[in-house]
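This briefing looks at charged and aromatic side-chain contacts in one protein model. Please keep the sequence and the coordinates in view while reading.

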Amino acid sequence: MRGDFATGLIDLCAPTLAGIKVGSIFLYLVRSGEDIHKLVAFWDAELQRKGIRVALIKERADGGLVYVFRPEMLAAVLQCKDINCFLGKYGFAQCGNINKCVNHLRCRFCEADKFPHEIGVFLGYPLADVQGFINNKGRNFTLCGTWKVYGDRSVAEKIFERYTKCVQIYRRRFASGIDVLQLTVAT
């Protein structure tokens, strides 16, 4: 995404900023003179005050893949026995330490020949849908929105609507002059 980092946060991470989604991911392409590490460090420091972390999980010459997440919400997701078992297949040790899990996710992006689709868990997608996507190689889904749905379609539709409405509200409020920190719900 070209543009400023704050706009990327609003356009692609609004549900996470609002506290209704565990995490979001977006590709940020740096503009002339920008340093992706400095941008991530700045926004991580700013958003930590609201209970959100910002991490660079895959660096590129022209920017990087940025993961924005709520550690408390992620910790709750990772405590699920089924999710822990699933992630264990991808080298994630017992996920009691969020920093270790995010660091391993970063390693999976660097090591994997393919995109590590287990990231869906870190984005708050239902485990059935993450597994369905992996098992079906992205085909045979029943609905496509924020993610591809293989499980409960009606629940996913409601979540998609909620996320869409959230993004619309955040874009409108941001355009009216309200900054990212004011729009971010604290935990």
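In this predicted model, Arg49 is exposed, with a relative accessible area of 58%, which places the residue above the 50% cut-off for that class. The side chain of Arg49 takes part in a salt bridge with Glu46, where the closest N and O atoms are 2.7 Å apart.

**Salt bridges**

- The structure as a whole contains seven salt bridges, and the pair of Arg49 and Glu46 is one with an N to O separation of 2.7 Å.
- Arg171 and Asp11 form a salt bridge whose closest N and O atoms are 2.9 Å apart; because Arg171 belongs to helix 8 (residues 153-175) and Asp11 to helix 1 (residues 5-17), this contact ties together parts that lie 160 residues apart in sequence.
- Arg171 has a relative accessibility of 42% and therefore counts as partly exposed.
- Glu34 and Arg31 meet through their side chains in a salt bridge of 3.6 Å, N to O, and both partners are partly exposed, Glu34 with a relative accessible area of 23% and Arg31 with one of 41%.

**Aromatic contacts**

- One aromatic cluster is formed by Phe5, Phe26, Tyr28, Phe42 and Trp43.

Technical notes
Residues numbered from 1 in each chain as written. Predicted model: local features only at pLDDT ≥ 70, side-chain atom pairs only at ≥ 80, totals over all residues. Heavy atoms only, no water. Phe/Tyr/Trp six-rings, centres within 6.5 Å; stacked < 30°, edge-to-face > 60°. Salt bridge = Lys/Arg side-chain N within 4 Å of Asp/Glu carboxyl O. Helix = DSSP H or I, 4+ residues; strand = E, 2+ residues; numbered from the N terminus. Buried < 20%, exposed > 50% of the residue type's maximum accessible area, 1.4 Å probe, protein only.
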